[in-house]
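Look over the chain first, then read on.

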Amino acid sequence: MDHQPKFFENLSGAGKAIGVLTSGGDAQGMNAAVRAVVRMGIYVNAKVYFIYEGYQGMVDGGDNIVEVSWESVSSILQVGGTVIGSARCKPFRTREGRLQAAFNLVQRGITNLCVIGGDGSLTGANLFREEWSGLLEELAQKGKIDAEAVKKYAYLNIVGMVGSIDNDFCGTDMTIGTDSALHRIIEVVDAIMTTAQSHQRTFVLEVMGRHCGYLALVSALACGADWVFIPEYPPEEGWEDSMCTKLSENRARKKRLNIIIVAEGAIDCHNKPITSEKVKDLVVQRLGFDTRVTILGHVQRGGTPSAFDRILASRMGVEAVLALLEATPATPACVVSLSGNQAVRLPLMECVQMTQEVQKAMDEGRFLEAVKLRGRSFENNLNTYKLLSHKKPDAELPKSNFNVAVLNVGAPAAGMNAAVRAAVRVGITEGHKIFAVIDGFEGFARGKIKEISWGDVGGWTGQGGSILGTKRTLPAKYLEKIADQMRTNNINALMVIGGFEAYLGLLELSAAREKYDEFCVPMVMVPATVSNNVPGSDFSIGADTALNTITDTCDRIKQSASGTKRRVFIIETMGGYCGYLANMGALAAGADAAYIFEEQFDIRELQANVEHLTEKMKTSIQRGLVLRNENCNENYTTDFIYQLYSEEGKGVFDCRKNVLGHMQQGGAPSPFDRNFGTKISAKAMQWISKKLKETYRKGKVFANTDDSVCLLGIRRRNLVFQPVAELKSETDFVHRIPKEQWWLKLRPLMKILAKYKTSYDVSDSGQLEHVAMLPKEAETGAI
């Protein structure tokens, strides 16, 4: 970026009043958004008001509209639902109701509204904005307000954030609450799988999504369900036969359970509903399988928000306040949304119209168009699901005569197994023979390599760790043995799933091409490490699961600290020299500080943090949380910081420390990691097929150019293949981190929300984009 950074210091909210409300169905993460709006509003010297019970509270006025302070939103980050209440409101649909609401707002000088809700709530807000000047004039005529007020409060600014677990809003990759709802669904599916396995049962699971199949589709992808029914993509005529055939084939392959996922709004191609009961009856009648139905219902809306939802909502809340400060009478009402890992602003009504287009297409039976309108990410999910769930008969598979080896390298990361499963199944579909290498490069050198089939990887998506086994050993000292194994097994391409060691390994193998022809084959790396320290990718498989582990632990620790009062916890996270986990964990857990290697700190800063906590103990929030990356400073160790805080805080607060350690590498993968792993790995295998065709000459594969050794990463809004040779210049090899990291831009966000004065570069925000322009290749947000 060549432009001068633009900081928001010159944006002042003085004299402005912001009202925040949640409306429509609740969603986990709404409280994180409310907290961010309140704190950012107060930070820029605006007054902030809670509007309780959504639009109903706005119409009723009185105690429903209350000015709030910094402490009002303490301890709500980890709470599901919405603490300010939400209600359906009939009066607001009438002009009379809106007139009353306008009067209540003007009385308090509120002309900026931040609405967190679904498309109905946002459409209502837009209508209110359009009518605003007319409503004020009417109030003046009735003598309820004076002419001065009409002039002073002439314009209403509106910014929306979409809180909906269904992810049914066009223009944003992820709505607040979707990721948490997926967590609930996956927890239930994982639990059901163990009991179904014991009894050889079939389970039909009904998930929410009356008009949108996102939750059903993504959870089917994340647990490897046998069949999925969604409103956007009804099954073809005769689906009953094909589904039953598929289920019995799976049983014949020794699979002890079947999972079928049904969205509550699922329909057939004649627009007739397909219910979970109907599916169950069909399976029982045709196949006689022991079949049970589980309807998840409101469990999906409940529970604590995931780390992703907390960070998403915090970013959107801050962005919403900036949008309100910058709004002029000429700017249309906008929605703050997520595209890739960028927060963007979109015209509210463009998004609403597009969302309604999807429904219209479905009602008129234009289903392929409905899928396209949902965006690239939805389409990718659907195509990947179709690719991985149905094995074609051997006779129909192409025969490529290529052998591809897949291996895990580095430390284990949750989601690795999902990536291996996708690679194996896509490879088989493309006609290759797939070989699994056990225990990384070390195992490769020892000949621990075997062919792996479609059925071998069944049920792998939900498994944590690395089933193939993984080692940190680099290939340099085994080059000859690995070359021998590649020759013996006639390996024509390599797919490496792992962290920084995998990247170093590919650099070593490509350097060895001059000496060994065996390494002149296409090689691709898929980043998988909890540290998220691989150059060329904004995200790595496993980091989201680790982040959720850290966040859950911090929640428990905060609870313990709240009980004892005046206690500060110092928590050490993993990550090597990369501060991603400490920084994002601090943002998701609402920590007071996070020490990371990328932002050098000295004793003065430690002293300032202690003083900050001392001040905090005088308020009603008598606890502190400090995160420290394991390698942030060789002298300011966790013990040192603990002792310093203990000494300096004597008489004001006491201290405890906690090293989280290897629990951050364990656990079942989060929905994000399962799907990210599945999709990125499927794409990597398709790249291998393309490269094999390009480099096959005179009966053999020969690839010795830089672009035949690539890393597949996600950058801003796109998935990109980058030659590892080109990434060398972007890498700090001593500290094993990329030289530039996108998440450092979010660092001030954490500080602002913890009440530190800081500068925040807002150069990236502020441009209103248009829905049609958004590239929907983005894969991060919408996992």
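Asn-490 lies in the loop between helix H16 (479–488) and strand S15 (493–498). Helices (H or I, at least four residues) and strands (E, at least two) are DSSP runs, numbered from the N terminus. Asn-490 has a positive phi of about 50°, although it is not a glycine. It is partly exposed, with a relative accessible area of 43%. Buried means under 20% relative accessible area, exposed means over 50%, and partly exposed is in between (1.4 Å probe, protein chains only).

The model is predicted: local features need pLDDT of at least 70, side-chain atom pairs count only at pLDDT 80 or more, and totals for chains, interfaces and linings use all residues. Residues are numbered from 1 along each chain as its sequence is written, and side-chain values use heavy atoms, with hydrogens and water left out.

## Overall form

The protein chain holds 24 helices and 26 strands. Its C-alpha atoms fill a box of roughly 90 × 70 × 50 Å, taken along the principal axes. With 783 residues, a compact globule would have a radius of gyration near 28 Å, and the chain's 27 Å agrees. That radius is taken over C-alpha atoms, and the globule rule is 2.2 Å times the number of residues to the power 0.38.

Of the 783 residues, 63% count as buried. The accessible surface comes to about 29100 Å², and 50% of it belongs to carbon and sulfur atoms. Accessible areas come from the Shrake-Rupley method with a 1.4 Å probe; for residues, only the protein chains shown count as cover.

Contact means heavy atoms within 4.5 Å. Among contacts between residues at least 6 apart in sequence, 80% join residues at least 24 apart.

How far apart are the mean positions of the positive and negative charges? They are 3 Å apart, for 90 positive and 89 negative charges. Lys and Arg count as positive and Asp and Glu as negative; His and the chain ends are not counted. The place of a charge is taken as NZ of Lys, CZ of Arg, CG of Asp or CD of Glu.

The expected span of a helix is 1.5 Å times one less than its number of residues. The table sets that span beside the distance between the end C-alpha atoms.

| Helix | Residues | Length | Expected span | End-to-end C-alpha distance |
|---|---|---|---|---|
| H13 | 376–389 | 14 residues | 20 Å | 20 Å |

H10 is mostly covered, with 19 of its 20 residues buried. In H22, 20 of the 25 residues are buried, so this helix is largely enclosed by the rest of the structure.

H13 has buried residues too, including Phe-378, Leu-382, Tyr-385 and Leu-388. What covers them? Among the covering elements are helix H7 (214–223), strand S7 (227–229), helix H8 (239–252) and H22. Helix H12 (367–373) and helix H14 (416–429) also take part.

## Single residues

Ile-51 is found in strand S2 (residues 47–51). Is Ile-51 buried or exposed? At 0% relative accessibility, it counts as buried. Leaving aside residues up to four places away in sequence, Ile-51 touches residues including Val-20, Leu-21, Met-58, Ile-84, Leu-105 and Leu-113. Ile-65 is also one of its contacts. Ile-51 and Ile-65 are 14 residues apart in sequence and 4.6 Å apart in space, C-alpha to C-alpha.

Asp-439 is in the loop between strand S13 (433–437) and helix H15 (440–445). Its phi is near 60°, a positive value in a residue other than glycine. At 17% relative accessibility, Asp-439 counts as buried.

Glu-480 sits in helix H16. It is exposed, with a relative accessible area of 51%. The C-alpha atoms of Glu-480 and Ala-445 are separated by 8.2 Å, and the two residues are 35 residues apart along the chain.

Ala-330 lies in the loop between H10 and strand S10 (334–339). Ala-330 is exposed, at a relative accessible area of 71%. Ala-330 and Leu-746 are 416 residues apart in sequence and 29 Å apart in space, C-alpha to C-alpha.

Ala-608 has its place in helix H20 (residues 603–617). Ala-608 is partly exposed, with a relative accessible area of 37%.
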